[in-house]
Amino acid sequence: MNYEYPQVFDSYYQETDPDQREKIFSGLKEQTDREEAFARAARELFDRRHTDPKRKGQRVDTFLWNMINLVIVAKSARVFARRSRRETLEALASMEGQTRETYGEEGTAALYWEYRNAARRYFATTASKGYGRKVFGIIAANEEDRKKRSCADAYEMSIGLARRLALDEEMALFSDAVRDEYSCYDAAAAERLEDYAASRKDKDLKRKS
């Protein structure tokens, strides 16, 4: 499927800071009349992602939190398949809501790009020297270690999780978004993820069966 968004949304999806994104969106209102369904879906997703119903006015990022959690769930899926499957489907439902049913293709495209934006924010954190610290958090990981770890995270939260829990169809949109965003990590990212996924395939499919 083609996940194109209206061109005026380019800076909105490139930006990862929630406050800046909201400012950008506010400046787009008069320009999105012909893309009204997409704009409504994008706004709905932003609110769902960054609003905490228990703490009004508190800025959160539930999509980012779910991505972090799904990496953990992917590892426990090897042992606790039923619970992991439930947690994964609940995470997807909390992020997607009724967006695709309500807005059709525009909602699906908006959801894909919101997933990619969250993945962009996630992978930005992996460039930090604090990411993937070794020896009880004392020694900072080097650049090559961080690349390998981020690749493993990208695989775990999307491809690996879908494989282990037989959720390829349910996770297709999310997996596409994570994989496509990770491919922008650096020039070798797409090939690195493809090689890693190939090396893990037999092992994860055996676990699933």
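**Close-up views of a predicted helical model**

**View 1. Lining of the largest pocket.** The lining of the largest pocket comprises 3 nonpolar, 4 polar and 3 charged residues, with Ala, Val, Leu, Ile, Met, Phe, Trp, Tyr, Cys and Pro counted as nonpolar, Asp, Glu, Lys and Arg as charged, and the others, Gly among them, as polar. This is a predicted model in which local features need pLDDT of at least 70 and side-chain atom pairs count only at pLDDT 80 or more, whereas totals for chains, interfaces and linings use all residues. Residues are numbered from 1 along each chain as its sequence is written, and side-chain values use heavy atoms, leaving out hydrogens and water.

**View 2. Residues around the pocket space.** Arg-48, Thr-51, Asp-52, Pro-53, Arg-55, Val-60, Thr-62, Asn-66, Ser-94 and Met-95 line the largest pocket (on a 1 Å grid over the protein atoms alone, an open set of points where a 1.4 Å probe fits, with protein on both sides within 12 Å along at least five of seven lines; lining residues have an atom within 4 Å of a point). Two or more of these residues come from each of α4 (62-76) and α5 (81-96), helices being DSSP runs of H or I with at least four residues. The pocket holds about 190 Å³ of space.

**View 3. Confidence along the chain.** Over residues 132-139 pLDDT stays under 50, and the model has 9 contacts for them beyond four places in sequence (heavy atoms within 4.5 Å).

Note on methods
Grid points are joined across faces, edges and corners, and a volume is the space filled by probe spheres set on the points. pLDDT is the predictor's confidence in each residue, from 0 to 100.
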